[in-house]
Amino acid sequence: MALLIVLITCFVIILATSQPCQTPDDFVAATSPGHIMIGGLIAIHEKMLSSEDYPRLPEIQKCVGFEISNFIQILAMIHSIEMINNSTLLSGVKLGYEIYDTCTEVTVAMAAALRFLSKFNCSRETVEFKCDYASYTPRVKAVIGAGYSEISMAVSRILNLQLMPQVSYESTAEILSDKIRFPSFLRTVPSDFYQTKAMAHLIQKSGWNWIGIITTDDDYGRLALSTFAIQTLANNVCIAFKEVLPAFLSDNTIEIRINQTLEKIIAEAHVNVVVVFLRQFHVFSLFSKAIERNVNKVWIASDNWSTATKITTIPNIKRIGKVIGFTFRTGNVSSFQSFLRNLHMFPSDRNKPLNEYAMLLSACAYVKDSDLSQCIFNHSQGTLAYKDVDRNFSLRNDFLWDYTEPGLVHSIQLAVFALGYALRDLCQARDCQNPNAFQPWEQIPSKCSKECSPGQMKKTTRSQHICCYECVNCPENHYSNHTDMDHCLLCNNETHWAPAKSTTCFEKEVEYLNWNDSLAILLLALSLLGIMFVLAIGIIFTRNLNTPVVKSCGGLMVCYVILLCHFLNFASTGFFIGEPQDFTCKTRQTLFGVSFTLCISCILTKSLKILLAFSFDPKLQNFLKCLYKPIPIIFTCTGIQVVICTLWLIFAGPAVEENVSLPRVIILECEEGSILAFGTMLGYIAILAFVCFIFAFKGRKLPENYNEAKFITFGMLIYFIAWITFIPVYATTFGKYLPAAEIIVILISNYGILCCTFFPKCYVILCKQDTNTKSAFLKTIYSYSSHSADSLAMSHVSLDSTNSNITMTNPSSGGKPAAWQKSKDLRAQAFAHIGKENATRAPKTWPRKRISSI
């Protein structure tokens with residue numbers, strides 16, 4: 001049965017002498033009508049049969065050597081055109097196509113190009129000679145192809161006559177970028193310049209400096225060799241040999257030259273790397289013979305064959321060594337896979353390659369997929385009579401997908417869609433259903449993508465093609481000031497900034513806590529209010545200088561010193577506002593640190609004095625007497641802070657700094673110089689405040705009129721809460737409002753101590769004048785001393801009752817404790833003074849030194 005099928009197939013596939021095409025339509029491989037016709041040049045067959053006539057006649061012969069990978073290219077072009085027709089890209093306008101098989105021959109491609117240029121709707125198929133083709137309407141509006149650079153160059157020179165757009169999907173010769181010689185040539189792949197540069201870089205990075213190269217004897221091969229030689233020279237790589245093979249299979253010497261090339265590779269034993277700029281059929285023959293001869297090298301593949309299934313499926317291909325290929329990124333070609341699955345449903349009445357493929361499949365019906373490509377190629381080595389074949393059998397679509405090169409298919413899709421977008425722009429104001437609506441040359445200025453305006457940059461899509469891109473806005477701090485810029489330019493981040501989609505850079509604004517800022521005004525108002533309070537308290541205390549409340553504060557001099565410190569603390573906040581200068585940066589911290597330390601030192605001496613005055617424990621009293629030295633304490637405590645600030649200013653003083661880390665502004669701020677010194681200054685104040693808090697806390701239960709210790713305790717607590725809160729705020733706050741955070745903490749702590757220290761006394765002076773008398777104070781003292789003495793006596797009695805030894809007492813007091821006797825004296829003196837005051841209503845000086853000090 002199998003033999004019968006083979007015989008029937010051989011009857012259909014007539015292997016006879018080649019016959020030239022009889023009519024131009026016989027020359028067309030695939031066609032479909034449409035309002036706008038697109039030409040296609042694809043090498044479906046490997047070669048054209050040679051004529052046996054002598055002399056040779058100028059006729060187009062039949063093509064043989066059906067190539068699966070090239071057949072897939074024609075399907076990709078048809079599929080891309082159908083995608084446009086089924087979309088809204090060209091609404092109401094249908095694209096048609098005329099695709100010709102170039103047979104990998106320049107002559108055949110030139111004949112197809114002549115037909116492309118023939119006058120539209122002319123039965124004579126003639127190309128008119130004109131001095132001006134601006135109004136000439138040819139048969140097609142544009143051409144897709146060809147694949148090989150040699151053919152693209154020849155065809156482009158003819159199409160240039162009418163400036164017909166030619167978009168190639170595979171021709172990579174660098175010379176085709178010359179717009180003077182090829183003004184209407186476009187492509188969706190980069191030139192060989194980039195590929196050869198990448199190859200040379202790879203070789204240099206791999207440490208190879210002794211290589212061989214094999215190319216084809218055509219424009220593509222020679223130009224690639226020339227460009228690659230320049231690149232290798234720049235990378236200090238030497239070329240051991242250069243082998244050139246005939247470009248076309250129709251050349252009878254190709255087998256001889258491949259054998260000679262292999263002999264050369266074997267002879268050059270030190271050459272282990274060979275760069276191959278060849279077509280797929282060259283590589284297939286070369287590797288097949290290399291496997292037979294056990295040639296094992298590192299082969300560097302060009303994009304022409306690096307992903308070709310025809311090469312990867314050669315039997316024992318791994319024996320040739322390693323292959324390092326260069327190719328391009330691909331896009332989404334899943335729709336083409338679906339197209340292949342439904343290929344059996346596609347009409348084939350005007351598609352000769354599809355019919356031929358069906359016949360060849362029938363001839364190779366019982367061949368497995370791994371050998372199918374070679375079977376088809378072998379059976380197509382002759383003249384095919386295009387007969388109708390029953391296509392109910394499977395077209396083995398999975399086999400076609402296995403031979404699909406996604407990058408190449410995507411490149412064809414881009415070529416077709418580039419024309420589609422160009423036609424869309426032309427047809428917006430024209431009736432493109434009319435073949436004379438526009439001329440081919442009008443498509444030349446069009447682009448695959450719209451022009452990117454200033455403020456934007458080109459972003460290539462996922463494909464490898466640099467001519468198709470998206471326009472994206474420049475990000476912040478970047479700008480572009482020309483159209484179609486590849487990259488946005490970076491602004492100088494230290495001095496300039498730019499918003500998104502900017503065409504220029506803008507100077508950063510310099511910011512600091514300005515005098516006009518609402519927060520600064522509020523803080524200044526609070527500081528001025530604090531200064532007014534200080535002045536008011538000073539006036540009140542001056543006018544009530546001889547009252548007990550003022551005297552209990554330690555006298556007018558101590559009050560003035562403390563009030564002066566508060567004044568300086570409020571005034572120091574002004575140095576935190578306004579444009580920072582070196583002077584203000586150094587002054588503000590130093591002024592606050594020294595004045596606040598002086599304030600705390602004075603309050604510390606007051607706490608000691610109060611504790612000393614009302615202490616009835618002899619041991620504690622003796623200790624406090626030794627410790628209580630007001631002037632040395634104040635000078636010592638303040639002097640230490642002066643030393644800390646002086647060392648800070650000398651070695652790492654605060655200075656003005658421009659903070660450029662923010663994107664749009666420059667923050668002008670005071671850099672503290674040394675965080676350690678800054679922390680030491682604040683920490684020293686905190687230590688003094690803590691000591692002051694301890695002493696004041698011990699004296700918190702004094703008489704009501706002498707309850708200053710309790711308020712000092714509250715003031716110190718406010719200070720601690722404010723500055724403990726300041727630490728995380730200072731560490732996390734950023735920008736021009738950082739000084740405001742410290743101002744707020746200074747104001748809180750300053751107001752807290754000022755209010756707790758002076759406001760209760762001002763309240764007594766102004767609102768409770770009856771209690772601001774010496775007798776009222778002495779009554780309070782009497783009550784407190786009696787209670788303290790009794791408590792102390794009871795404590796001693798309790799202690800005596802539990803002690804087995806005899807308690808030693810003061811003889812003069814009849815066995816009473818000394819502290820009790822002292823309290824008794826105080827009470828006697830207080831009664832005497834109170835009685836005398838009631839009798840004469842005239843104040844007298846208290847006779848005892850200790851009470852007068854209170």
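Q: Is Cys 488 buried or exposed?

A: Buried means under 20% relative accessible area, exposed means over 50%, and partly exposed lies in between, with a 1.4 Å probe and protein chains only. Cys 488 has a relative accessible area of 12%, so this residue is buried. The model is predicted: local features need pLDDT of at least 70, side-chain atom pairs count only at pLDDT 80 or more, and totals for chains, interfaces and linings use all residues. Residues are numbered from 1 along each chain as its sequence is written, and side-chain values use heavy atoms, with hydrogens and water left out.

Q: Which cysteine is joined to Cys 488?

A: A disulfide is a covalent bond between the sulfur atoms of two cysteines. Here the criterion is a pair of cysteine sulfur atoms within 2.5 Å. Cys 488 is joined to Cys 474, with an S to S distance of 1.9 Å. Distant parts of the chain are linked by this pair, 14 residues apart: Cys 474 lies in the loop between E15 and strand E16 (478–479), and Cys 488 in the loop between E16 and strand E17 (489–490). Such helices (H or I, at least four residues) and strands (E, at least two) are DSSP runs, numbered from the N terminus. Cys 474 is buried as well, because its relative accessible area is 1%.

Q: What is the torsion about the S-S bond of Cys 474 and Cys 488?

A: The torsion is about -80°, and the disulfide is therefore left-handed.

Q: How many disulfides does the structure hold?

A: The structure holds seven disulfides. Among them is the bond between Cys 364 and Cys 375, whose sulfur atoms are 1.9 Å apart. Cys 364 sits in the loop between helix H12 (352–363) and helix H13 (369–379), while Cys 375 belongs to helix H13, eleven residues apart. A torsion of about -90° makes this disulfide left-handed. Cys 364 is buried at 0% relative accessible area, and Cys 375 counts as buried at 11%.

Q: Where do Cys 452 and Cys 471 lie?

A: Cys 452 and Cys 471 form a disulfide with an S to S distance of 2.0 Å. Cys 452 is in the loop between helix H15 (406–427) and strand E14 (456–460), and Cys 471 is in strand E15 (residues 469–473), 19 residues apart. The S-S torsion is about -95°, so this bond is left-handed. Cys 452 is buried at 0%, whereas Cys 471 counts as partly exposed at 30%.
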